[in-house]
Amino acid sequence: LVVAKKKEELFSRSMLARPEGPEDARPQGQGGRRLGRIHDRILDVLAQVEAGVPADKALRTVFNKARDLGSNERHQVSDTVYGYLRRYRRVDDTLTRAMKAIRRPLDTIDPPVVTRLKLLTYLTLIGANEADLRATDAYAQKRVPGLFDKILSGKVGPPKGDTAEVM
């Protein structure tokens with residue numbers, strides 16, 4: 001039991017550890033305010049889910065470590081994570097097609113940035129506009145210029161398995 005707890009603690013520490021990066025790598029809002037409370041927690045959960053941890057356990061781990069989140073913020077984090085997971089295949093397909101449209105392979109981008117791009121793609125699919133995306137995570141947008149212009153304009157090609165007939 002003690003060994004299992006230590007392994008779990010070590011795993012959660014390694015998953016939640018963030019490498020130090022440039023200042024613009026941190027999500028910022030208007031006026032330079034840090035959007036870390038919610039956005040960073042969502043990214044922490046999604047990184048754990050991408051590593052194979054079940055979403056409920058990842059949420060529980062992040063919420064246990066993030067005592068600063070209120071009930072409304074926890075609700076927003078869990079709603080965003082579960083909404084993302086419900087639309088995962090569509091998000092992944094849209095991002096892959098958009099990357100092909102700008103002629104840049106997705107596998108050339110670092111995994112943490114890919115997770116950030118997938119989150120922004122999800123936000124785009126549920127109605128976020130360019131200003132919302134820029135306020136949420138400008139760094140991820142800088143890494144792949146033109147990507148969200150393609151997604152927002154709808155010029156990413158037909159979805160996989162689209163059987164719509166051309167008239």
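Colleague: What makes the meeting of the arginine 134 and glutamate 130 side chains a salt bridge?

Modeller: In this predicted model, their N-to-O distance is 3.9 Å. A salt bridge needs a side-chain nitrogen of Lys or Arg within 4 Å of a carboxyl oxygen of Asp or Glu, so the pair qualifies. Side chains of opposite charge can pair when their charged atoms come close.

Colleague: Where do arginine 134 and glutamate 130 lie?

Modeller: Both belong to helix α7 (residues 130-143), 4 residues apart, about one turn of the helix. Helices here are DSSP runs of H or I with at least four residues, strands are runs of E with at least two, and both are numbered from the N terminus.

Colleague: Why is arginine 134 called partly exposed?

Modeller: Buried means under 20% relative accessible area, exposed means over 50%, and partly exposed is in between (1.4 Å probe, protein chains only). Arginine 134 has 45%, so it counts as partly exposed. Glutamate 130, at 24%, is partly exposed too.

Colleague: Which residues do salt bridges with shared partners join into one network?

Modeller: Glu50, Asp92 and Lys118. The structure holds 8 salt bridges.

Colleague: How do you know that aspartate 93 and arginine 97 form a salt bridge?

Modeller: Their closest N and O atoms are 3.0 Å apart, so they meet the cut-off. Aspartate 93 and arginine 97 are both buried, and they sit 4 residues apart in helix α5.

Colleague: And what is the relative accessible area of arginine 103?

Modeller: Arginine 103 has 75%, so it is called exposed. You'll find arginine 103 in the loop between α5 (88-101) and α6 (111-125).

Colleague: What is the phi of arginine 103?

Modeller: It's near 60 degrees, a positive value in a residue other than glycine. Most residues other than glycine have a negative phi.

Colleague: Where is confidence lowest in the protein chain, and where highest?

Modeller: On pLDDT, the predictor's confidence in each residue from 0 to 100, helix α1 (residues 2-16) is lowest with a mean of 41, and helix α3 (residues 55-65) is highest at 95. Over residues 1-34 pLDDT stays under 50. Where pLDDT is low, the predicted coordinates should not be read in detail.

Colleague: What ground rules apply here?

Modeller: Residues are numbered from 1 along each chain as its sequence is written, and side-chain values use heavy atoms, leaving out hydrogens and water. As the model is predicted, local features need pLDDT of at least 70 and side-chain atom pairs count only at pLDDT 80 or more, while totals for chains, interfaces and linings use all residues.

Conventions: Contact means heavy atoms within 4.5 Å.
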